[in-house]
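Here's a quick walk through one protein model and the ligand that comes with it. Have the viewer open as you read.

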Amino acid sequence: MKKKIIVENLTKKFGEKVILENISFEVYENEVFVIMGGSGSGKSTTIKHIIGLLKPTSGRIIIDGVDITRLKKSELIEFIKRMGYLFQEGALFDSLRVWENVGFYYLENTNMPKKEIYELARKKLALVGLKGIEEMYPSELSGGMRKRVSLARAIATDPEIILYDEPSSGLDPVTAAIIDELILSLKRELGVTSIVVTHDLQSAFYIADRIAMIHKGKIYAIGTPEEIKNHPDPVVQQFINRKAHGPITKEIIKKS
Ligand SMILES: Nc1ncnc2c1ncn2[C@@H]1O[C@H](COP(=O)(O)OP(=O)(O)OP(=O)(O)O)[C@@H](O)[C@H]1O
Ligand SMILES: [Mg+2]
């Protein structure tokens, strides 16, 4: 299997605070790689490095054999075209209509006629289960709809790699299931490589080829859903099986 993304000894400090400590993992081509972990554990920070929004304090991020931490800004912009990124907060432009948000890349960077961009946006919106909202503004939509518009934008350029930061948070279970199926169909039909950050265990176990568990900026486990379910580390068990394991144990507090 081809290694599509390699994160090598990634360390990130904000000031004196160590947010990520020597994180390493690899994502294979056409894999759905899920990152799980508690709030503040460093999940968003990790994927922001992969899209080049943050520079590591030390370590490397290699995508298709290229160390993106060494690219010039112009080279990076060119490089990340092949990647889609769903921001945790959605990050839509409030002053733009839905279709303009979805087609933003084409409006900004190409001479494609507006009519075609509109049509492309309409198709991508339909993929995430949204119809007839092309002319609306983000402020007129519910939180879940905004999330799906962001998702439509992330897939608008048919990227080879898609990074999803909490794609189904704030969505009802039916819509969340639609998003899961979309992630899987992009993998199956277009060969997309995905990294998905999620808190949703059911979704993680359903969509993941492999799961990484991150806690306080360190990786505790990487494995298939089955391996993670049976992983002996108490931090992992606590996270995936909180109810069955009762209150936080002394061992977990010690590790925190
Ligand atoms: N720009 C920044 N400056 C300083 N600290 C930051 C910055 N961005 C993130 N942090 C800190 O890094 C830690 C990890 O944040 P991150 O957003 O990666 O967590 P997360 O795992 O995505 O959490 P959540 O599940 O709540 O989204 C937090 O303690 C956060 O306060
Ligand atoms: Mg986050």
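## Ground rules

This is a predicted model, where local features need pLDDT of at least 70 and side-chain atom pairs count only at pLDDT 80 or more, while totals for chains, interfaces and linings use all residues. Residues are numbered from 1 along each chain as its sequence is written, chains are lettered from A and ligands numbered from 1 in the order in which they are written, and side-chain values use heavy atoms, with hydrogens and water left out.

## Overall build

The protein has twelve helices and ten strands (DSSP runs numbered from the N terminus: H or I of at least four residues for helices, E of at least two for strands). Its radius of gyration is 19 Å, close to the 18 Å that the globule rule gives for 256 residues, so the protein is as compact as a globular protein of that length. That radius is taken over C-alpha atoms, and the rule is 2.2 Å times the number of residues to the power 0.38. Along the principal axes, the C-alpha trace spans about 60 × 40 × 35 Å.

## Around ligand 1

Ligand 1 is surrounded by 14 residues, the closest being Ser-39, Gly-40, Lys-43, Ser-44 and Thr-45 (near means a heavy atom within 4 Å). By type, the shell holds two nonpolar, nine polar and three charged residues. Here Ala, Val, Leu, Ile, Met, Phe, Trp, Tyr, Cys and Pro count as nonpolar, Asp, Glu, Lys and Arg as charged, and the others, Gly among them, as polar.

Now for the polar contacts (N or O pairs within 3.5 Å). A polar side-chain atom of Thr-45 sits 2.5 Å from a ligand 1 oxygen, the Lys-43 side chain has an N or O atom 2.7 Å from a ligand oxygen, and a polar backbone atom of Ser-41 is 3.2 Å from one. β2 (17-28) and α1 (43-50) are the elements giving two or more residues to this shell, and α1 gives the most, with three.

## The largest pocket

How much space lies in the largest pocket? About 880 Å³, as the space filled by probe spheres set on grid points joined across faces, edges and corners. A pocket here is an open set of points on a 1 Å grid over the protein atoms alone, where a 1.4 Å probe fits, with protein on both sides within 12 Å along at least five of seven lines; lining residues have an atom within 4 Å of a point.

The lining counts 30 residues, with Ile-51, Ile-77, Ile-80, Met-83 and Tyr-105 nearest the pocket's centre. α4 gives the most to this lining, with four residues. The lining divides into 19 nonpolar, six polar and five charged residues.

How values were computed
Polar contact = N/O pair within 3.5 Å; in protein donor to acceptor, adjacent residues only side chain to side chain.
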